[in-house]
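Q: I'd like to learn how to read a two-chain model, feature by feature. Can we walk through one together?

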Amino acid sequence: MMSAFLDAVVDTLLPGEHQASSGASPLPSGTQAGVVLEAKSAEQDTILQMIAQRAGGEEAFARAPLSARTDVLASIEKESFDAFRTFVSNLLQDYYEAPSVLAAMGWREGAAQPLGHIVPEADEATLERLEKVRARGPLWRLAP
Amino acid sequence: MRLDPVDIAIVGAGFGGAAFAWRLSQQRPDLRILCVERGGFPDRSALPALRSDWQRAVLNEWATSPNLRLKSGRKSASADYPIDDTQSDFKPLMWNGVGGSTIAWAAHFPRLHPSDFRTRSLDGVGDDWPFSYADLEPYYDLNDAECGVSGLAGDPAYPPKPERAMPPVALGRMGMAAARGFDALGWHWWPVDAAINSRSDAGRAGCNHCGPCLIGCATGAKSSTDLTYWPRALGNGVEIRTHCVVHEVEIEGGQARGIRYHDESGQDILQPAQIVVIAGNGIGTPRLLLASGVDSPALGKNLMFHGAAYARGVFREELDGPVGPVGCALYSHEFYETDEARGFKRGVHLQVTRENALLLQATRLDKPWGEDAQRWLRDEFRHSVAVLVCNEDLPEEHNRVTLTDRIEADGLPGVKLEYRVSEHTRRALDFGLDRAEEMLRAAGAHRTVRIPVAPLTGWHLLGTARMGNDPTTSVTDASGRVHGVADLIIADGSVFPTVGAVNPGSTIGAVALKFADDLARALG
Ligand SMILES: Cc1cc2nc3c(=O)[nH]c(=O)nc-3n(C[C@H](O)[C@H](O)[C@H](O)COP(=O)(O)OP(=O)(O)OC[C@H]3O[C@@H](n4cnc5c(N)ncnc54)[C@H](O)[C@@H]3O)c2cc1C
Ligand code: SF4
């Protein structure tokens, strides 16, 4: 399959952001994040063939604007929901673990351990709110 | 091969099996106690949280569903069997190995309320338990002490509990936002009891808030029975045989005589035992007992999960993101007890949970691809609070576990679930979702989202071998002894006659400890 076609499929599913709000760096597109569609399984090939066929060929899909490509993918999703979602899920796994994507979302790349994270303890205002609850007295129902 | 007899053969090294083994070995050190478990000990040095691709493990070999783990095609440390769940609104979740589902659990550790033991007498629904909260209370306390609980005494939603061993796990900005919401409405809220070390205790590290508790806890801060009950039970002389699948309980003349299992090499072994104890969970237990010809009319029936739904609030302020023990922050029992004006009996539990990892959050979107999905995710990530709504699912015979005609790779018949969300549960969940959204808005959420039924929430597998006094409607008596089969005991979540609206772990442990004491007394 043409690499331009495969890249267009990836970037239709994961278009990224042109700009992000509040000064964050924008999300890269799938291909910018390094996601590559490689031969994986017969199921994946079937989905890709369906996409190409529905779009009038690989080249036509690759050249179409984002909205038209999105419509093609939506129609395939409707027709073969489970297979399409499995195909998407595989790409999401590569994308949302990519360091550039995690960084754009303001998150740390790498293992969850051994660093862990710092989570703030309840502040004064919260502890005062808790005292109000305590002061209400028992809420539970007596049962023999 | 036929082995030398043991006094007690326990099937399953999960929560119930572990608590039972430890307590009995403590009360009766003279007994030869064996536990046979289909999986192995978890290897903490190989847990995915130590790798940079840990997020994808959540969707594959460490998925919470055994079916998804099997489907992933990756080698999993859980010794799974397939479950036909096509006819079940909730998908069963579990872990099969030493520690059982506590390896994957969130360790939220609430007790049932006193009223949960008396739903028939108080509200005319479900059934009364054959013992009360007061009867179980000493075992709750003992189980708390053995598992290690972080929390705060003084919760007015419960009868007084002893001081918790450790302070509550940190609430975080997310928890504080939710507390603000509950407070604005004048509703009850309280930091959860968590079977998680909020600081180092009993030889286990303190939680460092890494986030993904459901893929095993690499620090050991999360209590799981491979770290709590098992080391002490083994120290007392209990033997555990891992990677051995029990496929039959030997029953002769109405009496259990032992178990048959395949060991790791595939050899078929007969292990005679004076008493057999089954703790395979609400699916594994009826599967094995039905396959062994136990014909109690209630066996496999009355499967209960707890109805579960979510409301999520999106905030403009920055919150914590996917950090801290995912299921353990705070909860509200404002609506736990029956109020007939709501149009349903019994109540709902509102549990504020933390964000999921980015990848999981992305895959759980209604439509996980395209510009809109990425916009949603940008909006929500590090800016959302989720509220899990659980309701008291009631026992209904048509919700059940049965065997299929297939023999699975583990040598046992296949197992199938039939479970439908009832009208009662639907009403309770809708009520709970309304309240959850109200709280989120009061806390400052600018948008809320509802997930009316969350299928991948079948964490609690309960009721399929219920306790009771009547052998036509229950499987065991108040000590877990199977009606009509001598020397056969069940000691896991399947014995619950009703389930309250809260997570069951704390009660499963307490009940197993009680059953062990009952047996120790009966043995003289
Ligand atoms: C993802 C997840 C999150 C959860 N979160 C919470 C929570 O926050 N709070 C809470 O209270 N509960 C929670 N739970 C539920 C809780 O973990 C379970 O209710 C509890 O562990 C059940 O105890 P059990 O003894 O009934 O069975 P389990 O702990 O499941 O143990 C059963 C054991 O039996 C073994 N077994 C089964 N059949 C055989 C056989 N034929 N031969 C040999 N061995 C066999 C299995 O391998 C397993 O190890 C969660 C569960 C999951 C899966
Ligand atoms: S958040 Fe805490 S309890 Fe959960 S896995 Fe990480 S260290 Fe363990």
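**Surface, fold and interface**

A: Let's start with the surface: chain A exposes about 7,700 Å², with carbon and sulfur atoms supplying 54% of it. Those accessible areas come from the Shrake-Rupley method with a 1.4 Å probe, and for residues only the protein chains shown count as cover. Keep in mind that this is a predicted model, where local features need pLDDT of at least 70, side-chain atom pairs count only at pLDDT 80 or more, and totals for chains, interfaces and linings use all residues. Residues are numbered from 1 along each chain as its sequence is written, chains are lettered from A and ligands numbered from 1 in the order in which they are written, and side-chain values use heavy atoms, leaving out hydrogens and water.

Q: Which secondary structure does chain A have?

A: Look for DSSP runs numbered from the N terminus: helices are H or I with at least four residues, strands are E with at least two. Chain A has seven helices and zero strands, while chain B comes to 12 helices and 16 strands.

Q: What does the radius of gyration say about chain A?

A: Take it over C-alpha atoms and hold it against the globule rule, 2.2 Å times the number of residues to the power 0.38. For 144 residues a compact globule would come near 15 Å, but chain A has 23 Å. Its C-alpha trace spans about 70 × 45 × 30 Å along the principal axes. For the 524 residues of chain B the rule gives near 24 Å, and its 22 Å agrees with that.

Q: How many of the residues count as buried in chain A?

A: Buried means under 20% relative accessible area, exposed over 50%, and partly exposed in between (1.4 Å probe, protein chains only). In chain A 40% of the 144 residues are buried; in chain B, 67% of 524.

Q: Where does Ala33(A) lie, and is it buried or exposed?

A: Ala33(A) sits in the loop between α1 (3-13) and α2 (42-55) of chain A. At a relative accessible area of 15%, Ala33(A) is buried. Contact means heavy atoms within 4.5 Å; leaving aside residues up to four places away in sequence, Ala33(A) touches residues including Tyr95(A) and Ser100(A).

Q: How many residues does each chain bring to the contact?

A: Chain B brings 72 and chain A 59. Interface size is often given as the accessible area lost when the parts come together. Here that buried area (1.4 Å probe, summed over both parts) is about 5,400 Å², 60% of it on carbon and sulfur atoms. Trp369(B), Gln374(B) and Arg378(B) supply 17% of what chain B buries against chain A, more than any other three residues.

Key:
Buried area = accessible area lost by both parts, 1.4 Å probe.
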